[in-house]
Amino acid sequence: MTDKLIIFDTTLRDGEQSPGASMTRDEKLRIARQLERLKVDVIEAGFAASSNGDFEAVQTIAKAIKDSTICSLSRANDRDISRAAEALKGANNARIHTFIATSALHMEKKLRMSPDQVLEQAKQSVRFARNLVSEIEFSPEDGYRSDMDFLCRVIETVITEGATTINVPDTVGYAVPELYGNFIKTLRERVPNSDKAIWSVHCHNDLGMAVANSLAGVKIGGARQVECTINGLGERAGNCSLEEIVMAVKTRKDYFKLELGIDTRQIVAASRMVSQTTGFVVQPNKAVVGANAFAHASGIHQDGVLKARDTYEIMRAEDVGWSANKIVLGKLSGRNAFKQRLQDLGVEMQSESEINTAFAKFKELADRKSEIFDEDILALLSEESVLNDNEQFAFVSLSQHSETGERPQAVVVFTVAGQEVRGESDGNGPVDASLKAIESHVKSGAEMVLYSVNAISGSTESQGEVTVRLQNSGRVVNGVGADPDIVVASAKAYLAALNKLQSKADRVAAQG
Ligand code: KIV
Ligand code: ZN
């Protein structure tokens, strides 16, 4: 057993399964580069067999990322495993993560398979995978609710077949810390060849205990890999949050006595990037990465911190990357300074024309806003249309009129497949009128299930970042738009969501 804790990030796979959090290949690559800067040990880049888009994302990330191991999820069948292996071909270090459900409930109701059939399929899958890559992770899905004797048999079998990591998911977030920790401990004690694999924990947050359960799996159970996501992104209430688990293990090294490879100064940048890309806003009081995480409002606390920092602070804000929030560029900044800043932020631009388009957007913004922060640049780039000329819908201009006692009116000009069109409407407020103006032309029929506005850098001078979540024919997508004018930001977010709705939905559900 090593005393290093392996950090396995699954933001791009389990995180992305969260309704509305789907990301494009380029967005995933940008996040993967940030995860590499964060020095994450393993990046689960996607589920290659689930869609062509996911296959391409895993393939692109496998070729681009050199320092982290790249992993693809795969159901326990030869086709999925072959697809994963193919997508991972360019990787320096590749891992296949194969899974099959082992709880009685899942086997009977979902898979309609007997325990013996599941055992055989797990065995054959790992046997097949071991000839394709050197690292094989096996997960008994809904493991925590599985029968202990059966689970021991399955795990012993897959280790014999060559599984190098055994991950025990609490798929539905049902565990409590002590019981989950003891569950892992018992498994490790009872599986005869348990010392031949690294044990991993994967906890969902339905009862708000994903981080606590994961820590118990490490401390009581002896797991040496934690599966987690940036900002705890993930289906339903999300997954174990990377920033919380990492800072808990680092801050309480006296207790956990474990080493980490993570560069914690990259945490806040990763958090912002994921939030801006997916439109999932981070709550202000979120541990480590929330806007208030290091803010001392009460006079007693402020006084204490000024006298001796550690009176109220157990971590230093700069150790998780908060001090990186500096003015970086302004109106007079040139193309080279902009290009350098993009590189520092880990943004890859494929061509000079992409840089020119992004630079033009930056100049437009700098004309309206004197101080441009890193967040502004990332927000600007998270607008799909900046990097992708092939989008169906793109914002051009907007005018609206609102006055007390009168019904607001809006006119929005945008392009549809390159052709300029004009939508006009009234509405309850200027935002409502603008989105109705777009809809009057597009007629998507999509239902809006979320609308939120956030000030990117905290003041009324900052850009407003708007998230719009649309639902149509069972698909849920998020669109993000940013602009100093929140009505314009709203229109951009709405068009971004419409673009996502347009893209093909050929994905297979991971736990389907
Ligand atoms: O939660 C879960 O069970 C999973 C598996 C696919 C590992 O995400
Ligand atoms: Zn999961």
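Student: Where is the place of Val453?

Tutor: Val453 sits in strand β14, where strands (E, at least two residues) and helices (H or I, at least four) are DSSP runs numbered from the N terminus. Before we go on, this is a predicted model, in which local features need pLDDT of at least 70 and side-chain atom pairs count only at pLDDT 80 or more, while totals for chains, interfaces and linings use all residues. Residues are numbered from 1 along each chain as its sequence is written, chains are lettered from A and ligands numbered from 1 in the order in which they are written, and side-chain values use heavy atoms, with hydrogens and water left out.

Student: Is Val453 buried, exposed or partly exposed?

Tutor: Val453 counts as partly exposed because its relative accessibility is 42%; buried means under 20% relative accessible area, exposed over 50%, and partly exposed in between (1.4 Å probe, protein chains only).

Student: And which residues make the nonpolar surface patch?

Tutor: Met448, Tyr451, Val453 and Ile486 make a nonpolar surface patch of about 310 Å², and strand β14 (residues 447-455) gives the largest share of that patch, 3 residues. Patches are made of residues with over 30% relative accessible area and no salt bridge, like charges being joined within 9 Å and nonpolar side chains (Val, Leu, Ile, Met, Phe, Trp, Tyr) within 5 Å. The accessible areas come from the Shrake-Rupley method with a 1.4 Å probe, and for residues only the protein chains shown count as cover.

Student: Which residue caps the N-terminal end of α19?

Tutor: Asp485 does, with a side-chain oxygen 2.8 Å from the backbone nitrogen of Val487. A polar contact is a pair of N or O atoms within 3.5 Å; within protein, one must be able to donate a hydrogen and the other to accept it, and residues adjacent in sequence count only if both atoms are side-chain atoms.

Student: Switching to the metal, which are the protein donors of the zinc ion (ligand 2)?

Tutor: The zinc ion (ligand 2) has Asp14 (OD), His202 (NE2) and His204 (NE2) as its protein donors, lying 2.0 to 2.1 Å from it. Donors are N, O and S atoms within 2.8 Å of the metal (3.2 Å for Na, K and Ca), and water is not among the atoms, so sites may look incomplete.

Student: How are the donor residues spaced in sequence?

Tutor: Their spacing is D-x187-H-x1-H. Asp14 lies in helix α1 (residues 11-15) and His202 in strand β7 (residues 198-203), so this pair ties together parts that are 188 residues apart in sequence. Asp14 is buried at 0% relative accessibility, and His202 is buried too, with a relative accessible area of 5%.

Student: On to charges: how many salt bridges does the count come to?

Tutor: The count comes to 34 salt bridges, where a salt bridge is a side-chain nitrogen of Lys or Arg within 4 Å of a carboxyl oxygen of Asp or Glu. One of them joins Asp376 and Lys369 at 2.9 Å, N to O; Asp376 is buried at 0% relative accessibility, and Lys369 is buried at 6%.

Student: What separates Asp432 and Lys436 in the helix?

Tutor: About one helical turn, because Asp432 and Lys436 are 4 residues apart in helix α18 (residues 430-442). They form a salt bridge whose closest N and O atoms are 2.8 Å apart. Asp432 is partly exposed, with a relative accessible area of 25%, and Lys436 is partly exposed at 39%. Elsewhere, salt bridges that share partners join Arg13, Asp14 and Glu44 into one network.

Student: Last topic, the backbone: what is phi of Val288?

Tutor: Val288 has a positive phi of about 70°, although it is not a glycine. Most residues other than glycine have a negative phi. Val288 is found in the loop between α12 (267-278) and α13 (299-307) and is buried, with a relative accessible area of 5%. Lys39 also has a positive phi, near 65°, and lies in the loop between α2 (25-37) and β2 (42-46), where Lys39 is partly exposed at 48% relative accessibility.
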